Amino acid sequence: MVSNLKEGELNEHGLPHNPRGICYVQEFPAPGLRRTVRNITGHDAEGKEVFLSTDSGDHHTIMGEEQAVANILYSTHETPVELNGDVDIKYAKNNLPPVHYHHGTVLRQIDFAPNELTPMHRALSIDYGVVLDGVFELILGSGEKRIMRQGDVTIQRATAHQWRNLTGGGTLPGRMLWILLGVNDVIVNGKNLEGYMGPYKFITRSRTRRQERRRRQRRR
């Protein structure tokens, strides 16, 4: 999509136009970031501890106008988790999770395009967030802000917020990791909070690792 907006001018969603971010991320990982390696362990038929798989995750989701990519490294939909028969592995592989599971967990990694600012959003969950690569600004719905650098952690407790990727002064991609857990109804000033993901549908399409591999082969 061609835009006549200048960089920084607000678009129809009330977000600053960021030409550096649009169409920047077309697959996992984002250009300039290393491919994440995921190791899943378990037991073999003799009861020995073994590595069951080594890969980069099963679900990669392009976000916005190719401004970010989410990598679901794992998810569970129940607590306690049923490990017998590897049913948890099968469920995680075959099901792209929602934003969060009320009685489970989601391990979500996101690569952001340079200078990208997310919509204001709120997940009704408790989120443990870690900066893996780069520098990010965390903006709360109240307007309060914090700068987070590699290794810094945030505990998001159902607060409305935005993320801005400041890596390299807004010229480089950045990466964050979240663990999301479900919570009970959240009541603030006598009112139940509601979750929302911003003014537009942020997730546009999802690709499995097999689909990504086929797409790369077609481009060769």
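Here are a few friendly notes on the aromatic rings and one surface patch in this predicted model.

1. Let's start with the aromatic rings. A pair of such rings is described by the distance of the centres and the angle of the planes. In this model the count comes to 4 aromatic pairs. One of them joins F112 and W178: the ring centres are 6.3 Å apart and the planes meet at 75 degrees, which is over 60, so the pair is edge-to-face.

2. Next, have a look at F136 and W163. Their ring centres lie 6.4 Å apart with the planes at 85 degrees, so this pair is also edge-to-face. F136 is in strand β7 (residues 135–140) and W163 in strand β10 (residues 161–165), so the pair ties together parts that are 27 residues apart in sequence. Are these two residues buried or exposed? Both F136 and W163 are buried.

3. Now put the two pairs together: F112, W178, F136 and W163 form one aromatic cluster.

4. Finally, turn to the surface. Y128, V153, I155 and I179 make a nonpolar surface patch of about 340 Å². V153 has 52% relative accessibility; exposed means over 50%, so V153 counts as exposed.

Methods: Residues are numbered from 1 along each chain as its sequence is written. This is a predicted model: local features need pLDDT of at least 70, side-chain atom pairs count only at pLDDT 80 or more; totals for chains, interfaces and linings use all residues. Side-chain values use heavy atoms; hydrogens and water are left out. Rings of Phe, Tyr and Trp (its six-membered ring) pair if their centres lie within 6.5 Å; planes under 30 degrees apart count as stacked, over 60 as edge-to-face and the rest as tilted. Helices (H or I, at least four residues) and strands (E, at least two) are DSSP runs, numbered from the N terminus. Buried means under 20% relative accessible area, exposed over 50%, partly exposed in between (1.4 Å probe, protein chains only). Patches are made of residues with over 30% relative accessible area and no salt bridge: like charges are joined within 9 Å, nonpolar side chains (Val, Leu, Ile, Met, Phe, Trp, Tyr) within 5 Å. Accessible areas come from the Shrake-Rupley method with a 1.4 Å probe; for residues, only the protein chains shown count as cover. A salt bridge is a side-chain nitrogen of Lys or Arg within 4 Å of a carboxyl oxygen of Asp or Glu.
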